[in-house]
Amino acid sequence: MKSIANIGLKDVQAVYSGPEGDLWELVMGEQIHIGGFQSSMDLAKRAGIGAGMRGIDLCCCTGAGMRFLVKFCGVASMLGVDATSKVVERGRQRCQALGLDKQISFTLANVCDTGLPAGEADFVWGEDAWCYVVDKPKLIAEAARLIKRGGRIAFTDWIEGPAGLTQQEAERFLAFMKFPNLQDLKSYGELLRTSGCRVQVAEDTGRFAPYTDLYLDMLNKQFTYDALRIIGFDLGLMQAMGAEMAFMQQLAHAGKIAQGIFIAQKE
């Protein structure tokens, strides 16, 4: 695991309460995770998530994952937990606009200590968001607490790749992304097992590098003006962010960072 000091929840809230969060949505779409719809469908199918189930999305952002699960997988109800008020309010508005507010609800809370009842959910869901959480052991323990025996934890996340990051590379990447730390396939598997779950899937999706290429192409070839508008037409900031994204692209192609998929069942 790689980590950096002085990055925490307030930094993440600042990102998703401000223009940086809007910029990520511009580039990646409403489903702010690598692979979008196809990644969500792959995760849901492999985890056996389907009709009539009740789930909880930890770090739900605006709830795009929950809307996907209700509309395309027949999930009966979803509860999203996030600590940033702006995205929770935006998510409520989007669900209401689609007529999904009866099936999808939100709570503003720390995902490591949700205050929700134990053992009631069929599954806990997460998509490329748990990398923002400082206390990963507590997060995984909370996810396991929330599901029934036999229930599943299904998530994707940004992880350290098989080639590994140097400390210098990790510090630069984590500081740009506002990640306090970065797990790998092995460490996430260990956390799931420690929380009483049997790991069924722990793999590199192979999506990170090609999708990073896509996002940079979109920024450089199509969305340049839109991105500048979001950040107040600050060309210097745009160039600086572009340089960090290009660095991230290099790390991805070198196998130093990746997107992992994890599915585990509570025993």
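## Buried residues, cores and pockets

His 33 is buried, with a relative accessible area of 3%. Buried means under 20% relative accessible area, exposed means over 50%, and partly exposed lies in between (1.4 Å probe, protein chains only). This is a predicted model, in which local features need pLDDT of at least 70 and side-chain atom pairs count only at pLDDT 80 or more, while totals for chains, interfaces and linings use all residues. Residues are numbered from 1 along each chain as its sequence is written, and side-chain values use heavy atoms, with hydrogens and water left out.

His 33 sits in the loop between H2 and helix H3 (36-47). Helices (H or I, at least four residues) and strands (E, at least two) are DSSP runs, numbered from the N terminus. Thr 62 is in a loop too, between E2 and H4. At 2% relative accessibility, Thr 62 counts as buried.

Both side chains make polar contacts, listed below. A polar contact is a pair of N or O atoms within 3.5 Å; within protein, one must be able to donate a hydrogen and the other to accept it, and residues adjacent in sequence count only if both atoms are side-chain atoms.

| Side chain | Partner | Distance |
|---|---|---|
| His 33 | Glu 127, side chain | 3.1 Å |
| Thr 62 | Arg 94, side chain | 3.3 Å |

What else does His 33 touch, not counting residues up to four places away in sequence? Its contacts (heavy atoms within 4.5 Å) are Met 28, Ser 39, Ser 40, Glu 127, Asp 128 and Tyr 215. With neighbours within four places in sequence left aside, Thr 62 is in contact with Glu 30, Arg 67, Val 87, Arg 90, Gly 91, Arg 94 and Phe 106.

**The cores**

In soluble globular proteins, nonpolar side chains tend to be buried together. A nonpolar core is a set of buried Ala, Val, Leu, Ile, Met, Phe, Trp, Tyr and Cys residues joined through side-chain atoms within 4.5 Å. The largest one here has 39 residues, and Trp 158 and Phe 173 touch the most other members. H11 gives the largest share of this core, seven residues. Apart from it lies another core, of 29 residues, including Leu 146 and Leu 192.

**Helix H8**

Which residues of helix H8 (residues 185-194) are buried? They are Ser 187, Tyr 188, Gly 189, Leu 191 and Leu 192. Their cover includes helix H6 (136-146) and strand E6 (147-160). At the start of H8, a side-chain oxygen of Asp 184 comes within 3.2 Å of the backbone nitrogen of Lys 186. Gly 196 follows H8, with a positive phi near 85°.

**The pockets**

On a 1 Å grid over the protein atoms alone, a pocket is an open set of points where a 1.4 Å probe fits, with protein on both sides within 12 Å along at least five of seven lines; lining residues have an atom within 4 Å of a point. The largest pocket holds about 610 Å³ of space. Among its 37 lining residues, Val 12, Cys 59, Asp 82, Ala 129 and Tyr 132 are the closest to its centre. H1 supplies the largest share of this lining, three residues. The second largest pocket holds about 200 Å³. Its lining includes Arg 54, Gly 55 and Glu 120. Strand E2 (54-58) and strand E3 (77-82) each supply at least two residues of that lining.

Note on methods: Points joined across faces, edges and corners; volume = space filled by probe spheres on them.
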